[in-house]
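Reader: I have a protein model to read. Where do I start?

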Amino acid sequence: LRSIIDALDPLDLLQYPQLFWTTCACLDTIFEREFQEGLSMLNHLLTKMDLSDPAVLKILKDNQPAKWEGSFLGLHALMYKGVRSSNSMCRTLAVMDRLIKLPSGDLVGSEERLLFTLLANLPRFLHSFDHPGEDPEHIAAAETLAAAAEAQEYHALAKALQGFAKYQ
């Protein structure tokens, strides 16, 4: 499936929304290797699909499988299990950082994802105090979260995250 996603052009990919839903199903697994493959597939989809475009979101939402079991809380909620594993934590945080930049909605996730993304990043933020300069990605993550906090009008949180990024 990852090869198919790689091979398709962005416009052609929209003709196969089932690839998006298959990716979501793979991310909803309890098996770590399957989750990691789903994470790779999602990463490729995010590169090729503009999930901030209402037309793209409508195509995907309209093609959600009718027999989908359980409720779908959005892509962001599917990421949370990835931060429980040292094998997938960094990649999962990178995808969460990409998703937090997108507007909230049924497919991406609700406004609460800012909180959960911040909580998921706390270990690496705290680790950076003991090992400064070891993980430069935490600065970009803090800046991304600061922008998301500012967009949701959490000005004090945004200021704290900007200060953290600035002094690291």
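Author: Start with one term. A crossing of two helices is left-handed if the near helix is turned anticlockwise from the far one by less than a right angle, and right-handed if clockwise. Keep in mind that this is a predicted model.

Reader: Which hand does the crossing of α7 and α8 have?

Author: The crossing of α7 and α8 is left-handed. Helix α7 covers residues 89–99, and helix α8 covers residues 113–130. They pack at an angle of about 145°. Their axes lie 11 Å apart.

Reader: Which residues in α7 and α8 meet?

Author: From α7 come M89, L93, M96, D97 and L99. From α8 come R113, F116, T117, A120, N121, P123 and R124. By type, the contact of α7 with α8 has seven nonpolar, two polar and three charged residues.

Reader: Now a single residue. Is T144 buried or exposed?

Author: Compare its relative accessible area with a cut-off: buried means under 20%. T144 has 14%, so T144 is buried. T144 sits in helix α9, residues 137–151. Beyond its neighbours within four places in sequence, T144 contacts D97, I100 and K101. D97 is also one of the α7 residues that meet α8.

Reader: How many helices and strands does the protein chain have?

Author: Ten helices and zero strands.

Methods: Residues numbered from 1 in each chain as written. Predicted model: local features only at pLDDT ≥ 70, side-chain atom pairs only at ≥ 80, totals over all residues. Heavy atoms only, no water. Axes fitted to C-alpha atoms, helices over the stretch in contact; angles between N-to-C directions. Helix = DSSP H or I, 4+ residues; strand = E, 2+ residues; numbered from the N terminus. Contact = heavy atoms within 4.5 Å. Nonpolar A, V, L, I, M, F, W, Y, C, P; charged D, E, K, R; others polar. Buried < 20%, exposed > 50% of the residue type's maximum accessible area, 1.4 Å probe, protein only.
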